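Hi,

Here is the structure I promised to pass on. Have a look at it first, and then read on for what turned up.

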Amino acid sequence: MTKALSHFHPIGVLPSDIDFMGHVNNARYLNWVQEAVLAHWNKLAPPEAAAKYLWVALKHEITYRKPAFLNDEVIASVVLEKVLGARSFYETVIKRGEDVLAEVKSSWCCIDAKTLRPARIAADVQAYFFPK
């Protein structure tokens, strides 16, 4: 399988993201990852697949490198690494300019929107994420 292209997701740092230490609260990074991964899915998946499937996070492994601050211009770069059955594995790098703020490895389960049960992603849908 070919490596997927990166999806770039801009992030606005809001006053509510700032903690008692004056920088973005670590927990907020996980919200950013969820927003970025779902934006990636909705951008690349065909509309019928985007409507048919939902995503549930199974695991996040995050490494914090540097803090983010109010009014920073932050970008999440999302790459779908692989798909195994109903599970998808993503790498997300959150940056401010050239500075890496956090690196996140995450796994997600695809859920059928009607049955709410795990669902495999068909090869034709996967092809939208892995260009030839």
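A disulfide, as counted here, is a pair of cysteine sulfur atoms within 2.5 Å. By that rule this model, which is a predicted one, has zero disulfides.

So what about Cys109 and Cys110? For Cys109, the nearest cysteine sulfur belongs to Cys110 and sits 6.9 Å away. Since a disulfide needs the two sulfurs within 2.5 Å, Cys109 is in no disulfide.

How many cavities of 30 Å³ or more does the structure hold? There is one. The largest cavity has about 40 Å³ of space in it.

If you want to find that spot in the viewer, pick out the residues that line the largest cavity: Trp41, Trp55, Leu80, Val83, Ser88, Tyr90, Ile121, Gln126 and Phe129. Two elements give two or more residues each to this lining, namely strand 3 (73–84) and strand 4 (87–96).

What classes of residue make up the lining of the largest cavity? Seven are nonpolar and two are polar, while no charged residues take part.

Cheers

Definitions and conventions
Residues are numbered from 1 along each chain as its sequence is written. This is a predicted model: local features need pLDDT of at least 70, side-chain atom pairs count only at pLDDT 80 or more; totals for chains, interfaces and linings use all residues. Side-chain values use heavy atoms; hydrogens and water are left out. On a 1 Å grid over the protein atoms alone, a cavity is a set of points where a 1.4 Å probe fits but cannot get out, and a pocket is an open set with protein on both sides within 12 Å along at least five of seven lines; lining residues have an atom within 4 Å of a point. Grid points are joined across faces, edges and corners, and a volume is the space filled by probe spheres set on the points. Helices (H or I, at least four residues) and strands (E, at least two) are DSSP runs, numbered from the N terminus. Ala, Val, Leu, Ile, Met, Phe, Trp, Tyr, Cys and Pro count as nonpolar, Asp, Glu, Lys and Arg as charged, and the others, Gly among them, as polar.
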